[in-house]
Amino acid sequence: IFLFISQSSSGQVKNNGGKVSIALTYLRNGNQLVELEKYKDAIIEFDKSIRQMPYSTTYFARGDAKYSLGEYEGAILDFDTTLNLNSNHEDAYLLRAYAKQYLSRYKAAILDCDRLILRNPKNSYAFLARGITRQYQAWENGNLDSSKLELAIIDFNKSISLNSSSDYVFYRRSIAYSDIGWYKEALIDCNRAIEIKPSRFNYQQ
């Protein structure tokens with residue numbers, strides 16, 4: 001968070017500094033409520049913070065809270081504002097893509113992943129998100145589009161090459177393998193996911 005102080009009267013500077021302090025207090029309060037999973041109360045605190053100083057950090061935090069509540073339209077609007085204020089906010093691209101995915105806006109979600117990958121080609125989560133979106137897109141019309149599923153597998157492969165410690169990407173790839181009938185490969189990926197995180201019981205089903 002950066003504080004820009006204009007060369008105006010000292011009274012205005014003090015007032016601006018006071019707003020910053022109040023805004024940061026509300027932001028901290030909101031973050032603490034998020035940790036307690038009290039998302040609605042957190043949003044109220046973020047609202048208060050934004051009224052004092054409209055930081056990209058706060059818009060993102062509020063969008064994240066709305067996302068956790070399943071309020072995807074509202075979350076997207078906050079992520080839009082976050083990126084208007086800070087075009088380098090990678091998590092905003094990522095969560096906006098997932099929010100659009102939940103709303104079945106697959107092309108728009110993939111576009112956000114593409115933008116993030118263009119900015120940071122080493123972001124494994126961007127490839128994972130794009131792969132998952134392509135998985136859903138492959139079944140969009142009720143029948144499997146294997147070409148889109150193959151693209152999803154390519155994204156999962158890339159994500160794994162960048163970060164092989166994520167159990168979830170192996171799990172998602174196992175689903176893709178299973179959908180196209182590659183059961184041996186699917187089983188290998190399930191076993192790998194279990195090795196990484198044995199507590200995820202659904203991998204063993």
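Two exercises on a predicted model follow, each with a worked solution. Residues are numbered from 1 along each chain as its sequence is written. In this predicted model, local features need pLDDT of at least 70, side-chain atom pairs count only at pLDDT 80 or more, and totals for chains, interfaces and linings use all residues; side-chain values use heavy atoms, with hydrogens and water left out.

**Exercise 1.** Find which side chain makes a polar contact with that of Gln101, and state whether Gln101 is buried or exposed.

Solution. 
- Gln101 has 7% relative accessibility, so Gln101 counts as buried (buried is under 20% relative accessible area, exposed over 50%, partly exposed in between, with a 1.4 Å probe and protein chains only).
- The partner is the side chain of Thr133, at 2.9 Å; a polar contact is a pair of N or O atoms within 3.5 Å, where within protein one must be able to donate a hydrogen and the other to accept it, and residues adjacent in sequence count only if both atoms are side-chain atoms.

**Exercise 2.** Find the salt-bridge partner of Asp114 and say which parts the pair ties together.

Solution. 
- Asp114 pairs with Arg130, the closest N and O atoms being 2.7 Å apart; a salt bridge is a side-chain nitrogen of Lys or Arg within 4 Å of a carboxyl oxygen of Asp or Glu.
- Asp114 lies in helix 6 (residues 106-119) and Arg130 in helix 7, so the pair ties together parts 16 residues apart in sequence.
- Asp114 is partly exposed at 30% relative accessibility, whereas Arg130 is buried at 13%.

Technical notes:
Helix = DSSP H or I, 4+ residues; strand = E, 2+ residues; numbered from the N terminus.
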